[in-house]
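Please keep the sequence and the structure in view while reading.

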Amino acid sequence: MARPTIILFDIDGTLVLTGGAGRRAMERACGVLLGDPRACAAFTMAGMTDRAIVRRACQAAGKADHPELLDQMIDAYLAVLPDELARSTAFRILAGGHSLITKLSTYRHIAVGLGTGNVRRGAAHKLGHAGLWSATTFGGFGCDAEDRGTLIRRGAERGAAQLGMPLADCRVIVVGDTLFDIQAAASNQFLCVAVATGGATAVDLTTGGADYVATSLEDPGILEFLLL
Ligand SMILES: [Mg+2]
């Protein structure tokens with residue numbers, strides 16, 4: 001019998017590109033609560049969890065990053081995210097993701113979920129906009145933990161529960177586009193399939209220790225690796 005398998009998909013740069021909508025929503029939240037929309041302009045958000053992003057923005061604006069302010073910033077971000085998604089002319093669903101998830105979902109030994117730094121509501125907005133939200137039923141999210149390795153672990157535990165198997169008996173694979181996805185997988189002794197559709201190049205991802213690297217989710221080798 002095939003080994004129980006849990007697959008956790010990252011969102012930004014892996015399944016979709018929001019065309020800057022996520023960043024613009026964060027900038028609006030920074031403007032409202034920090035008085036400085038540029039507070040999050042100086043760093044790349046790729047691979048960061050939502051809470052790590054708002055914490056870093058607070059620090060950049062010289063504000064104390066107390067938990068209440070971080071919660072308020074995430075709420076402010078979520079309040080404007082649908083509007084920014086609707087207005088984003090460069091929003092793209094990355095090729096191959098939908099068909100890969102659909103194929104994987106036909107295997108009874110596989111649980112297909114998300115492993116993303118987005119808080120759950122943000123993930124729902126972004127994937128809902130792409131028509132992909134209903135394709136997965138569980139995940140590890142930015143609201144589970146600020147640390148990516150911890151939220152990936154949470155997603156894997158939910159996947160194991162869905163399969164009705166102990167996590168230790170499951171093969172877990174993170175699918176993402178940044179070195180942070182690779183590190184989060186490695187910190188849990190999970191595998192990582194990396195796609196060069198976000199910021200990082202295939203060479204970066206290979207050097208970073210990904211177990212399989214592809215230029216896009218259309219690479220047929222990904223399905224082969226996931227089913228191994
Ligand atoms: Mg990503």
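Strands (E, at least two residues) and helices (H or I, at least four residues) are DSSP runs, numbered from the N terminus.

The model is a predicted one, in which local features need pLDDT of at least 70 and side-chain atom pairs count only at pLDDT 80 or more, whereas totals for chains, interfaces and linings use all residues. Residues are numbered from 1 along each chain as its sequence is written.

## Neighbours on either side

Strand β6 (residues 171-176) runs parallel to β7 and is joined to it by 4 bridges; two strands count as paired if DSSP finds at least two bridges between them. Between β6 and β7 the chain passes through helix α7 (residues 179-186), and this β-α-β crossover is right-handed, a term for a path from the first strand over the helix to the second that runs clockwise when the strands point away from the viewer. Within this pair of strands, Ile173 stands opposite Leu191, and Val174 stands opposite Cys192.

Strand β8 (residues 212-214) also pairs with β7 in the parallel sense, over 3 bridges, and Ala214 in β8 is the bridge partner of Val195. Here the chain crosses from β7 to β8 through helix α8 (residues 202-207), again in a right-handed β-α-β crossover.

## The whole sheet

These strands belong to an open sheet of 6 strands with parallel pairing, in the order β5-β4-β1-β6-β7-β8. Because β5 (139-140) and β8 stand at the edges and each has a single partner strand, one side of each is left without a neighbour in the sheet.

## Two domains

The chain is divided into domain 1 (5-18 + 91-227) and domain 2 (21-87), with bounds that come from an automatic or database domain assignment. Taken over C-alpha atoms, the centres of the two domains are separated by 24 Å. Their contact takes 22 residues from domain 1 and 15 residues from domain 2, where two residues are in contact if their C-beta atoms, placed from the backbone, lie within 7 Å.

On the side of domain 1 that touches domain 2, α5 (120-130), α6 (148-163) and α7 each supply at least two residues, and α5 gives the most, with 5 residues.
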